[in-house]
Amino acid sequence: MSRFKKIPIPVLVLGLAAAVTATSAMTQQRDLPESFEQIIPRGRIAAIDDPQFVPAAEASIADDSVVLGVVIDGQARAYSIRLLNTHEVVNDAIGETNFAAVW
Amino acid sequence: MYGRDYRGKTLNFEASGGLMNSSLVMQDKQTDSYWSIMTGDAIGGEYKGTKLVELPVSKKVEWKDWVEEHPDTLVLSVNGEQDAPDPYADYFRSRRGFRGQQATDGRLNTKDSIYAFRYDDRPYAIDTDGVEGGKTFELHDGSHAFAHRAKGAELFEGSSAYWSELGFERRGEEWVEVGTGARFSPQSGEFEGGTVYRLSGFDTFWYNWSLNNPDTALLK
């Protein structure tokens, strides 16, 4: 038994109208270029906000795997591009430098 | 690689779920502004019309080369994994762009490999064919760029570019800055001394950069 069937029709119509209004208002508010395409909903690809690291000696990573390598304040960090592909963004910091690892 | 400290806020980015010209668009959680990952431009929201600061501290290299250069490196670990299978292997082998997209700018082929950077707010692309071992180019204001690609580098990695007012020249087996004689070390990827600075750019495909930057100056 679906919940949907219990909703009276007038409420459903009002709801739909509100949804349409909300959608067009959102599009206007976004003011995005025509070439922008929403492919999947926001948040479906989880960014990393609290990245964890291991030392090189403990890392299991293929020799020819491409990494994004970063050096800030003499500290080196490597992000496997293949791992980045599934998260797209790592919100990271070294010392006072807050940065986004993307490629 | 972009700085997250922006106009008094520390921004946290995530994928917007959208693309522009086949390139990822991020959103920040603080203002919901939309940012092109390719150019750093805010394309929508509160910060529309502004640009993130690119940090010239990163490069793309194979793990074995990175760890040799930086044995003390830390490695990102996600759920105990530091690497993953390559989901885009077919994409890299194919001659077509993401979702079949093609370059509209015919100066190069869709999937030709380039090194993309900005200088003086202008977009540039260096055709990485022939850059292995080093090559120099003149920029719009008469200054000079030097591009280098590590020998045997795979597609999509290993290129770097440098800027000098004075210029670059080959001296025997080495590249040096004109005037100062600062030598380029292919091992460290840096000039030793001189007035050279490294341009903040990245390896990418021609279609991806040219669709996002139609007024690109192409250096060949």
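Me: Which residue of chain A forms a salt bridge with Lys29(B), and how far apart are the closest N and O atoms?
Reply: Asp49(A), with the closest N and O atoms 2.7 Å apart. A salt bridge here is a side-chain nitrogen of Lys or Arg within 4 Å of a carboxyl oxygen of Asp or Glu. This is a predicted model: local features need pLDDT of at least 70, side-chain atom pairs count only at pLDDT 80 or more, and totals for chains, interfaces and linings use all residues. Side-chain values use heavy atoms, without hydrogens and water, residues are numbered from 1 along each chain as its sequence is written, and chains are lettered from A and ligands numbered from 1 in the order written.

Me: How many salt bridges between chain B and chain A?
Reply: Five.

Me: Which elements of chain B supply at least two residues each to the side touching chain A?
Reply: β1, β4, β5, β7, β8, α1 and β9. Helices (H or I, at least four residues) and strands (E, at least two) are DSSP runs, numbered from the N terminus.

Me: Where does the largest share come from?
Reply: From β4(B), with eight residues.

Me: How much area do the two chains bury between them?
Reply: About 5300 Å², 58% of it on carbon and sulfur atoms. Buried area is the accessible area (1.4 Å probe) lost on putting two parts together, summed over both.

Me: Strands now. Parallel or antiparallel, β6 of chain A and β1(B)?
Reply: Antiparallel, joined by two bridges. Pairing takes at least two DSSP bridges between the strands.

Me: What is the bridge partner of Ala100(A) in β1(B)?
Reply: Tyr2(B).
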